Amino acid sequence: MSPLHQSMLAVLGALCVYGAAHLEQPQISSTKTLSKTARLECVVYGVAISATSIYWYRERPGEAIELLVYIASDGTVKMESGITSGKFEVDRIPELSTSTLTIHNVEKKDIATYYCAFWEVHSSRQL
């Protein structure tokens, strides 16, 4: 397959550690034919995925990293302004502790490194 007919979606094996809670992206990279669909996974460890928000970022070569979309702990999905509607889809599978970013209709401009992240909320109590 010629380089003109495929697009590389790079996914760094991200490992973000805070205490015992962390996440991993099991796929090191994904190569998809143009106009196809790509799915990237993020596995959360040490905290219930349903109790945290998962954020998906993209870093194109030579550009700053940007937030694309996130799924809140209540399941609400929020697409950032300026992101093409219907291009990205995010969900989570609580029984697998996994969030999936789906990229529809892969194009050359989708060549990037994609990251997932989460915020772990801590509360302090006074006794």
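Let's start with Ser-97. Is this residue buried or exposed? Ser-97 is buried, because its relative accessible area is 16%. Buried means under 20% relative accessible area, exposed means over 50%, and partly exposed is in between, with a 1.4 Å probe and protein chains only. Ser-97 sits in the loop between β9 and β10. Its phi is positive, about 50°, although Ser-97 is not a glycine.

A word on the model. This is a predicted model, where local features need pLDDT of at least 70, side-chain atom pairs count only at pLDDT 80 or more, and totals for chains, interfaces and linings use all residues. Residues are numbered from 1 along each chain as its sequence is written, and side-chain values use heavy atoms, with hydrogens and water left out.

How confident is the predictor? pLDDT is its confidence in each residue, from 0 to 100. The mean pLDDT of the protein chain is 79. Of its residues, 74% reach 70 or more. Residues 1-19 stay under 50. For that stretch the model has 62 contacts beyond four places in sequence. Contact means heavy atoms within 4.5 Å.

Now the overall layout. The protein chain has 0 helices and 11 strands. Helices (H or I, at least four residues) and strands (E, at least two) are DSSP runs, numbered from the N terminus. Of the 127 residues in the protein chain, 36% are buried. Take the contacts with a separation of 6 or more: residues 24 or more positions apart account for 53% of them.

β9 and β10 form it, with 4 residues between them, and Ser-97 is in the turn. The two strands run antiparallel, joined by 6 bridges. Strands pair if DSSP finds at least two bridges between them. Glu-89 stands opposite Thr-102 in β10. Phe-88 has Ile-103 in β10 as its bridge partner.

Look at the faces next. In a regular strand the side chains alternate between the two faces of the sheet. β9 has a covered face with Phe-88, Val-90 and Arg-92. Its uncovered face carries Glu-89, Asp-91 and Ile-93. In β10, both faces are covered. Thr-98, Thr-100 and Thr-102 are buried on one side. Ser-99, Leu-101 and Ile-103 are buried on the other. Why is β10 called largely enclosed by the rest of the structure? Because 6 of the 6 residues of β10 are buried.

β10 has another partner. β5 and β10 pair in the antiparallel sense, over 6 bridges. In that pairing, Cys-42 stands opposite Ser-99.

Stay on Ser-99. The residue lies in strand β10, residues 98-103. Ser-99 counts as buried because its relative accessibility is 0%. What does its side chain touch through a polar contact? The partner is the side chain of Trp-56, at 3.2 Å. A polar contact is a pair of N or O atoms within 3.5 Å; within protein, one must be able to donate a hydrogen and the other to accept it, and residues adjacent in sequence count only if both atoms are side-chain atoms. Leaving aside neighbours within four places in sequence, Ser-99 is in contact with several residues, among them Leu-40, Cys-42, Ile-54 and Val-90.

Cys-42 takes us to the disulfide. The structure holds 1 disulfide, counted as a pair of cysteine sulfur atoms within 2.5 Å. Cys-42 and Cys-116 form it, with their sulfur atoms 2.1 Å apart. The pair links distant parts of the chain, 74 residues apart: Cys-42 in strand β5 (residues 38-45) and Cys-116 in strand β11 (residues 112-119). The torsion about the S-S bond is about 75°, so the disulfide is right-handed. Cys-42 is buried at 0% relative accessible area. Cys-116 is buried too, at 2%.

Last, two loop residues. Asn-105 is in the loop between β10 and β11. Its phi is near 50°, a positive value in a residue other than glycine. Asn-105 counts as partly exposed because its relative accessibility is 42%. Thr-84 is in the loop between β8 (77-79) and β9 (88-93). At 49% relative accessibility, Thr-84 counts as partly exposed. Thr-84 and Leu-68 are 16 residues apart in sequence and 9.7 Å apart in space, C-alpha to C-alpha.

Key:
pLDDT = per-residue confidence, 0-100.
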